[in-house]
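Please look at the sequence and the fold side by side before reading on. The paragraphs below are meant to be followed slowly, with the picture in view.

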Amino acid sequence: QVQLVESGGGLVQAGGSLRLSCAASARPFSTLSVGWFRQVPAKEREFVGIRWTTGSTKYADSVKGRFTISRDNAKNMVYLQMNRLKPEDTADYYCVAKYGQFSQYGDWDSYNYWGQGTQVTVSS
């Protein structure tokens with residue numbers, strides 16, 4: 001069974017930075033592709049980005065150039081580095097994961113595993 005636990009959320013001023021962590025209890029971890037979604041309460045979830053096991057990445061246009069996904073296979077950790085944060089980045093952030101090949105990375109239901117979320121608030 002795969003379990004994902006996010007941490008690192010909090011309150012930050014606009015223009016600041018924050019790094020979210022996703023701890024994955026998975027075997028094997030090295031072949032697990034991990035991405036990120038975000039959601040405002042009562043709103044639809046929005047794709048943020050994904051890092052495949054090959055190291056390639058894809059980001060939503062709204063965060064491209066500001067957010068970066070990285071991973072440490074030795075520690076079973078995935079990170080979302082968020083820079084130049086804006087108030088519209090305020091949301092609950094979720095890490096998601098899937099084994100094997102898939103193409104619809106922007107679809108929440110394409111993944112097999114989901115974390116519980118961590119809250120990020122960006123003040124003006």
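What follows goes from the sheets to the core, then to the disulfide and the salt bridges.

This is a predicted model, in which local features need pLDDT of at least 70 and side-chain atom pairs count only at pLDDT 80 or more, while totals for chains, interfaces and linings use all residues. Residues are numbered from 1 along each chain as its sequence is written, and side-chain values use heavy atoms, with hydrogens and water left out.

Let us begin with the strands, which are DSSP runs of at least two residues, labelled E and numbered from the N terminus. Strands of a sheet pair through backbone hydrogen bonds, either parallel or antiparallel, and here two strands are said to pair if DSSP finds at least two bridges between them.

Eight bridges join E4 to E9 in an antiparallel arrangement, with Val 34 standing opposite Ala 97 in E9. E4 also pairs with E5, again in the antiparallel sense, over five bridges, and here the bridge partner of Phe 37 is Phe 47 in E5. The hairpin of E4 and E5 has six residues between the strands, and in this hairpin Ala 42 takes a positive phi near 75°.

How many of the residues of E4 are buried? Eight of its eight residues are buried, where buried means under 20% relative accessible area, exposed means over 50% and partly exposed lies in between (1.4 Å probe, protein chains only). In a regular strand the side chains alternate between the two faces of the sheet. In E4, Leu 32, Val 34, Trp 36 and Arg 38 point one way, whereas Ser 33, Gly 35, Phe 37 and Gln 39 point the other way, and all are buried.

In soluble globular proteins, nonpolar side chains tend to be buried together. A nonpolar core is defined here as a set of buried Ala, Val, Leu, Ile, Met, Phe, Trp, Tyr and Cys residues joined through side-chain atoms within 4.5 Å. The largest such core has 37 residues, of which Leu 20, Trp 36, Phe 67, Leu 80, Met 82 and Tyr 93 touch the most other members. Strand E3 (18-25), strand E4 (32-39), strand E5 (46-51), strand E7 (67-72), E8, E9 and strand E11 (118-123) each supply at least two residues of this core, and E9 gives the most, with six residues. Leaving aside neighbours within four places in sequence, Met 82 is in contact (heavy atoms within 4.5 Å) with residues including Leu 20, Phe 67, Tyr 93 and Val 120.

The structure also holds one disulfide, a term that stands for a pair of cysteine sulfur atoms within 2.5 Å. The disulfide joins Cys 22 to Cys 95, with 2.2 Å from S to S. Cys 22 lies in strand E3 and Cys 95 in strand E9, so the pair ties together parts that are 73 residues apart in sequence. The torsion about the S-S bond of Cys 22 and Cys 95 is about 60°, so this disulfide is right-handed. Cys 22 is buried at 0% relative accessible area, and Cys 95 also counts as buried, at 0%.

Side chains of opposite charge can pair when their charged atoms come close. A salt bridge is counted when a side-chain nitrogen of Lys or Arg lies within 4 Å of a carboxyl oxygen of Asp or Glu, and the structure holds three of them. Which residues are linked in a network of salt bridges? They are Arg 38, Glu 46, Arg 66 and Asp 89. Asp 89 sits in the loop between strand E8 (77-82) and strand E9 (91-99), and it is buried, with a relative accessible area of 1%. Its side chain meets that of Arg 38 in a salt bridge (2.9 Å, N to O), although the two are 51 residues apart. Arg 66 forms another salt bridge with Asp 89, with the closest N and O atoms 2.8 Å apart, and this pair is 23 residues apart. Arg 38 also forms a salt bridge with Glu 46, at 2.9 Å between the closest N and O atoms. Arg 38 is buried at 6% relative accessible area, whereas Glu 46 is partly exposed at 33%.

How values were computed
Helices (H or I, at least four residues) and strands (E, at least two) are DSSP runs, numbered from the N terminus.
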